[in-house]
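Here are my notes for you, point by point. Keep the structure open beside them and look up each residue as it comes up.

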Amino acid sequence: MSLGVVMLVHDALHRAEQLARHWSINGCPVVLHVDTRVAQSDYDQFEQSLSDLENVRFCKRHRCEWGTWSLVAASQSASELMLESFPDVRHVMLVSGSCLPLRPVAEMVSYLDARPQTNFIESAATEDVPWTVGGLDKERFTLRFPFSWRRHRRLFDRYVRLQRRLGFKRKIPSGIVPHLGSQWWCLTRQTLSAILQDPDRAVYDRYFRRVWIPDESYYQTLVRRYSTNIESRSLTLSKFDFQGKPHIFYDDHLQLLRRSDCFVARKVWTHASKLYASFLSDELNVATEAEPNPGKIDRIFAKAVEQRTKGRPGLVMQSRFPNEGWENGTTTSPYTIFEGFADLFEDFEAWLQRTVGGRVHGHLYAKDQAHFAGNEPVCFGALSNAAKLRDYNPQAFLTNLIWNTKGEHQCFQFGPRDNQAISWTVAKDPKAQINVISGAWAVPLFHSNQNFLDIRRKAARLQRIENEHIGALRSDFARARVRIWTLAEFVLNPMEPLQEVIDEIAPRHSTRLTEAPKMVALGGFGQFLQNLKNQGMHPYLMGDFPAGHDPVAAPHPHSKPYLVK
């Protein structure tokens, strides 16, 4: 009799009975602590079901709550009864009612017999652990936590802020250095009795009563005071997600748990009947003599965390919404935005459709509606062209459009007249290819038959909007592929930038452009800009258009034929 088991139980009493019986009939005495929240009638029935086992005891009951001292008090009561009732026990292991043995108990006993003076408990200094979740590492030892984090969250947070504001710090008892680790340990009788029988125990207990999550620091700290023979690891396999919540093992984790070579696994689902039947059966349990190695399955858990927190690019699942930055990329595929092209060229969308063969939309973020290709009212994924639905979440509209049209390159128009809610979204999206002819929005104003005062007012507003958008595209946070030309430089040589854009959209199928889309008439445009200046507006985004000198596009050089002899 070298191993005793202390089991904390608060629900699923039928599984706890099954586990306690398994430990007991394999020669390990068991002391059970049952939460006082379990009804007395259920407790009496549970106690009666194990009355035939001579090496099973029930200790004083406490009302346990996560993150509070009550869990330490429960383990203390059970451990004291274990040491008192079973003097032959050399190691005491703390488990819960959902901890399932993965290897034969006899093999674990042999493993501990070969290490009679070794304490297995994860114990690391606060500055050495990166896994504390909740924003409290050193502060959990220097502040007071009288309120339950789960039941009185608001009081808990306010009291923490008050202590920080006042600069309050508790004094750590002399002789101890705070350590953290898993609450599932296996200690030698000598070490555990030294902790429970220390003359200064009342001082330590009083201090740890107001420590945040004391069951992860009480034994982990005091074991350093009474023993130097410590292996800072737990014999219990327990995995946590990025939020600090334990992973739950189900029936389909059977082979995964077998590969871990660990002695005990936590936390096993109550209804995982296949797991309980497999690991609690003596016929199926085969001794491996292998060293416990949870690292064998760490890669799988890391992949699960990555899928939960990042997932596939451009696909936002419920657990990551609406936290900005949790998505694995805003969109799933490359797409191209054209700004100013439809203002400068006649029927630009149809020309682009013929040239690249992709899906070319109009202004998806126009004020009146989303102008899908072919003026369709609904696009793939049941995306409506209604502006009200689109503007409810403009970023999600773009994400859904690109996701639902995977395998097909999407192109759409954008400009200062459109809803600017996606300006920073596309600027930070590495999948975006953004081509801007700055100041091209002035061309429709030039051709409009409006009062010049109204034109000036609209021009000033559109220039301000586009300038802010270009600022986003040029910021340090921008990750999109951005090309920006002023209107003046673009109209002088349109073929070269158009060829560059076409090559990027369809690199495998692109050929040399033989003709550009038809450019709108710009005769008198320089004087138009001068008139805006005369009215007190400075149109700086268009580039240099001297008054009276209208821009003339450079002729496209045609290659000369040559003769091969």
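**Notes on the model**

1. Start with Trp149, which is partly exposed, its relative accessible area being 26%. Keep in mind that what you're looking at is a predicted model. You'll find Trp149 in the loop between H5 and helix H6 (153–166). Which residues does Trp149 touch, leaving aside its neighbours within four places in sequence? They are Trp66, Phe156 and Trp212. Look for Gly67 too: Trp149 and Gly67 are 82 residues apart in sequence, yet C-alpha to C-alpha they are 7.3 Å apart in space.

2. Now go to helix H8, residues 201–208. Its buried residues are Arg201, Tyr204, Asp205, Tyr207 and Phe208. Look down the axis of H8 and these buried residues fall within an arc of 165 degrees, so they line one face of the helix. Here's some background that helps: an α-helix has 3.6 residues a turn, so residues three or four places apart point the same way. And what do the buried residues of H8 pack against? The partners are helix H3 (70–85), helix H5 (139–142), helix H7 (189–196) and helix H9 (218–226).

3. Take one of those partners, H9. The axes of H8 and H9 are 11 Å apart, and the two helices pack at an angle of about 150 degrees. Angles over 145 degrees count as roughly antiparallel, and that makes H8 roughly antiparallel to H9. The crossing of this pair, H8 and H9, is right-handed. On the H8 side, the residues that meet H9 are Arg201, Tyr204, Asp205 and Phe208. Across from them, in H9, are Tyr218, Thr221, Leu222, Arg225 and Tyr226.

4. H3 and H7 also pair up with each other. Their axes come within 11 Å and cross at roughly 125 degrees. H3 and H7 are therefore oblique to each other, and H3 passes H7 in a left-handed crossing. To see where they meet, pick out Gln76, Ser79, Glu80 and Leu83 in H3, then Arg189, Leu192, Ser193 and Leu196 in H7.

5. How many residues does the largest nonpolar core have? It has 50, and the ones with the most contacts inside it are Leu3, Met7, Trp23, Leu32, Leu235 and Leu275.

6. After H22 comes Gly536, with a positive phi near 100 degrees.

7. A few backbone details deserve a check. The peptide bond from Arg266 to Lys267 is cis, with omega near 25 degrees. Lys267 sits in the loop between strand S12 (264–266) and helix H11 (273–279).

8. Two residues have a positive phi although neither is a glycine. For Asn375 the value is about 55 degrees. Asn375 is in the loop between strand S14 (359–363) and strand S15 (378–379). Is Asn375 buried or exposed? With 64% relative accessibility, Asn375 counts as exposed. For Ala382, phi is about 60 degrees, and its place is the loop between S15 and strand S16 (383–384). Ala382 is exposed as well, with a relative accessible area of 65%.

9. Last stop: Asn400, in helix H16 (residues 394–404). Asn400 is partly exposed, with a relative accessible area of 34%.

Definitions and conventions. Residues are numbered from 1 along each chain as its sequence is written. This is a predicted model: local features need pLDDT of at least 70, side-chain atom pairs count only at pLDDT 80 or more; totals for chains, interfaces and linings use all residues. Side-chain values use heavy atoms; hydrogens and water are left out. Buried means under 20% relative accessible area, exposed over 50%, partly exposed in between (1.4 Å probe, protein chains only). Helices (H or I, at least four residues) and strands (E, at least two) are DSSP runs, numbered from the N terminus. The arc is that of the directions from the helix axis to the C-beta atoms. Contact means heavy atoms within 4.5 Å. A nonpolar core is a set of buried Ala, Val, Leu, Ile, Met, Phe, Trp, Tyr and Cys residues joined through side-chain atoms within 4.5 Å. Axes are lines fitted to C-alpha atoms, for helices over the stretch in contact, and angles run from 0 to 180 degrees between N-to-C directions. Angles under 35 degrees count as roughly parallel, over 145 as roughly antiparallel, 65 to 115 as roughly perpendicular and the rest as oblique. A crossing is left-handed if the near helix is turned anticlockwise from the far one by less than a right angle, and right-handed if clockwise.
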